[in-house]
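Got your viewer open and ready? Let's take a walk through this one, stop by stop.

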Amino acid sequence: MDAHPNTFSIKTIFADFKAITKAGLAISVLFSSIAGYLLGFSDTNPFSWTVLVMLLIGGYCMVGASNAFNQVIEKDLDAMMDRTKNRPVPSGRMSVNTALAIAFGLTFVGLVLLYLINPKTAMFGAISIFLYVCVYTPMKPVTPLSVFVGAFPGAIPFMLGWVAATGEFGIEAGTLFLIQFFWQFPHFWSIGWFLYEDYEKAGFFMLPNGRRDKSTAMQTMLYTIWLIIASILPSFGFTGQFFITKISAAIVLVLGLWMLFYAARLYKLRTAKAAKALMLASVSYISLLQIVYILDKFLR
């Protein structure tokens, strides 16, 4: 006889924990933090496995807490969308109180671990969770500007690694922030495009003018261009201790033009398939970009 789907077990608890913290997203975010840390450490600020482990665990806690709070706030809206209706809270597998306990617990653990690295890292972690939960999430059903606001906490992880390594926020960390900030727009607008109908069920405004039209596609292209410019800035000597060689800049430029191709394709076709292709290209772009930056540092 089959077990009841709500059977209490370690397996279901683990699965729901992964779902409430969005483990896949959290791990991809942590990749950015690791990249920032590897770019930031130096002879002055030597590499530390202890710091890296605390950054990983603390970073996961902060991202997981943000996602858990988000799912509590949006539980009724999540229940309306096919993509989210089976999440733990809207499906009824997890109570609101349990989800909140997880969210507050992760927030506490995350902030303590990030503070043990250095106070600035904890400060930026706290800013990230505040903006995501208290500003971005409430704005989503109200205005497309939510994507702009959400780009701020979304851009923090890359530079958070640098701050964890150095204890400082300067032009270097600011450049890493700028790169991931501009990246947010083509990435999330492409998601908003191919999931338009599902978002519409919950009344979410994810596209800049609320429509899948040439204007939205054009803005997506423009922000991709800004992303490319920001990504090659470290080769011009304006970004302090963070710099890349001309060869790496050329590789980054080629990657950017590759992503721009998919943005231009979205402008031309304006289809959900083209938007999904851009989303996948954007994910590949940011990961490959960070790998190029790291290899440049260790190979030059």
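**Stop one: Tyr 60**

Select Tyr 60 and show what it touches: leaving out residues up to four places away in sequence, that is Phe 17, Thr 21, Ala 23, Ala 26, Ile 27 and Leu 30, where contact means heavy atoms within 4.5 Å. Quick note before moving on: this is a predicted model, where local features need pLDDT of at least 70, side-chain atom pairs count only at pLDDT 80 or more, and totals for chains, interfaces and linings use all residues. Residues are numbered from 1 along each chain as its sequence is written, and side-chain values use heavy atoms, with hydrogens and water left out.

Is Tyr 60 buried or exposed? It counts as buried, because its relative accessibility is 17% (buried means under 20% relative accessible area, exposed over 50%, partly exposed in between, with a 1.4 Å probe and protein chains only).

**Stop two: the cores**

Next, pick Leu 39, Leu 55, Met 159, Tyr 285 and Tyr 293, the residues with the most contacts inside the largest nonpolar core, which has 87 residues. Such a core is a set of buried Ala, Val, Leu, Ile, Met, Phe, Trp, Tyr and Cys residues joined through side-chain atoms within 4.5 Å. A second, separate core has six residues, among them Ala 23 and Tyr 60.

Zoom in on Leu 39: beyond its neighbours within four places in sequence, its contacts include Phe 158, Trp 162 and Tyr 293.
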